[in-house]
Amino acid sequence: MAKIVKIVTPLTDEVVSTLKAGDMVSITGYIYTGRDAAHKRLFSLLQKGEKLPLEIRNQIIYYVGPAPAKPGYACGSAGPTTSYRMDPYAPALLDKGLKGMIGKGLRSKEVIESMKKNNAVYFHAVGGAAALIAKSIKKSEVVAYEDLGAEAIHRYYVEDFPVIVVIDSAGNNFYETEPLKYAK
Amino acid sequence: MRKIEAERIKKKVKKLFLRANYHIGEDVLTALKEAREGEVSEIGCSVLDMLIENYKIASGEEIAICQDTGLAVLYVELGQEVYIIGGNFREAVNEGVKEAYMEGYLRKSMVDDPVFARKNTGTNTPAIIYTDIVPGDRIKFMVTPKGFGSENMSALAMMKPADGPEGIKNFVVDTIRKAGPNPCPPTIVGVGIGGTADKALVIAKKALFRKIGEHHQDERYAQMEKEILEQINNLGIGPAGLGGRTTALAVNIEYTPTHIAGMPVAVNVCCHAARHAEGIL
């Protein structure tokens, strides 16, 4: 079994630079959630030159819209959503200092170029492993856009949140390199 | 005529959506375990282990398998000798969906206006209902919470009859290649051939209800399913798209008669969390 790299948030440039595509990583600390509707609002604030409702510098955004929590649970099932829908908005957030994104699926050339320029990393969480992933989410609170419900920006405290580095800050892309090894 | 209370329809629909969202089918679980045995990619194996563990947790604790608890889709066979009393059919179905999603801690993912307001309806309704009137005095429900990671990878080709089986195979495999990691592989691939553009899509989704391991009764179509599955797994996309030999668990084809001038082919992809439930009133 591959070694698991343990990291904490907020991220530093030094840590981001050491993460390589294919690394199994476990994250501990605070991370933020955001998906389609929240990204649209953040992007629109940036376009108008206004302040964001959260400090994203050195933070990680997890692309997720969780299921409601059952009583006694910190969070409902919370697996990743498909990332490409956030592609039009991601470079602007990376320019503001966002260091990590957690999601699943392909990213645009523009996002990967922006990750290289801004030294950021894209983590893959396993889609559909939502009940399992939620076990590592210990606390959840809404920090912005409560009206969006599941799409609101939440702050999670996570312990040993399981991800894989799929595109690193040098632009190495595991989605491209790995399938070639198993194709016939 | 047989009288059926609308209230019973509501209760049945609610029960089926709760079951589908919490408990994965035995066929999916068995297929994943078999895939795990045959998987050669180390990361692929750990992804499959996570998925199997996830299904155990969701079922054991009765929580959603996936946070995307989908749009509520139903295929209903309504016996023509059924007389619904105490309410109307569509409202009863929608009430059942609403109660399942409101009371079962399932995510509400339906927005009213797809372009402008995109306001969440808050109830996961209206459900998407396909109804067939059939002989008899029973109502059969086939329900599926359909997530959009996989739904967004759907494709339709209005092919020429001359494209033949090779054209179909290439189109399906190419659709899955382009989808890559996005639809949460290993997937189940529904293929609908014939009819009109819309009919092909409807039967492609209905094909996803077939149990993994069962093939089309017509040997020629069964053969095509097996060949497409092999070609898809040869793409190397693997579990979660991180490389490996398990990209799809099944390819299910359904066909229906079509026009002399055409051969519509639709692909509807389902993630590994192939959530279905069936019930009869």
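Q: What makes 37 residues from chain A and 41 residues from chain B part of the contact in this predicted model?

A: In this predicted model, two residues are in contact if their C-beta atoms, placed from the backbone, lie within 7 Å. By that criterion the contact takes 37 residues from chain A and 41 residues from chain B.

Q: Which elements of chain A each supply at least two residues of the side that touches chain B, and which gives the most?

A: Helices α5 (130–134) and α6 (174–182) of chain A each supply at least two residues of that side. The most comes from α6(A), with 7 residues.

Q: How is the side of chain A that touches chain B described by class?

A: On that side of chain A there are 21 nonpolar, 11 polar and 5 charged residues.

Q: How do you know where domain 1 and domain 2 of chain B lie?

A: The bounds come from an automatic or database domain assignment. For chain B, this assignment gives domain 1 as 2–20 + 65–146 and domain 2 as 149–274. The C-alpha centres of these two domains of chain B lie 26 Å apart.

Q: What makes up the contact between domain 1 and domain 2 of chain B?

A: Domain 1 of chain B contributes 9 residues and domain 2 of chain B contributes 8 residues. On the domain 1 side, β2 (71–79) and β5 (139–146) of chain B are the elements that give two or more residues. Strand β5(B) gives the most, with 3 residues. By class, this side of domain 1 of chain B has 6 nonpolar, 1 polar and 2 charged residues.

Q: Why are β6 and β8 of chain B said to stand at the edges of their sheet?

A: The open sheet of 4 strands in chain B has the order β6-β9-β7-β8, with mixed pairing. Strands β6 (155–159) and β8 (248–258) of chain B each have a single partner strand, so one side of each is left without a neighbour in the sheet. Neighbouring strands of this sheet are turned by 15° against each other on average, direction ignored.

Q: How do you know that β7 and β8 of chain B pair?

A: Pairing requires that DSSP finds at least two bridges between the strands. Strand β7 (residues 187–195) of chain B and β8(B) have 9 bridges, in the parallel sense, so the pair meets that requirement. V191(B) stands opposite I253(B) in β8(B).

Q: Which strands does helix α7 of chain B touch as it packs on the sheet?

A: Helix α7 (residues 197–206) of chain B touches β6, β7, β8 and β9 (263–270) of chain B. The direction of α7 makes about 145° with that of β7(B).

Note on methods: Residues are numbered from 1 along each chain as its sequence is written. Chains are lettered from A and ligands numbered from 1 in the order in which they are written. This is a predicted model: local features need pLDDT of at least 70, side-chain atom pairs count only at pLDDT 80 or more; totals for chains, interfaces and linings use all residues. Ala, Val, Leu, Ile, Met, Phe, Trp, Tyr, Cys and Pro count as nonpolar, Asp, Glu, Lys and Arg as charged, and the others, Gly among them, as polar. Axes are lines fitted to C-alpha atoms, for helices over the stretch in contact, and angles run from 0 to 180 degrees between N-to-C directions.
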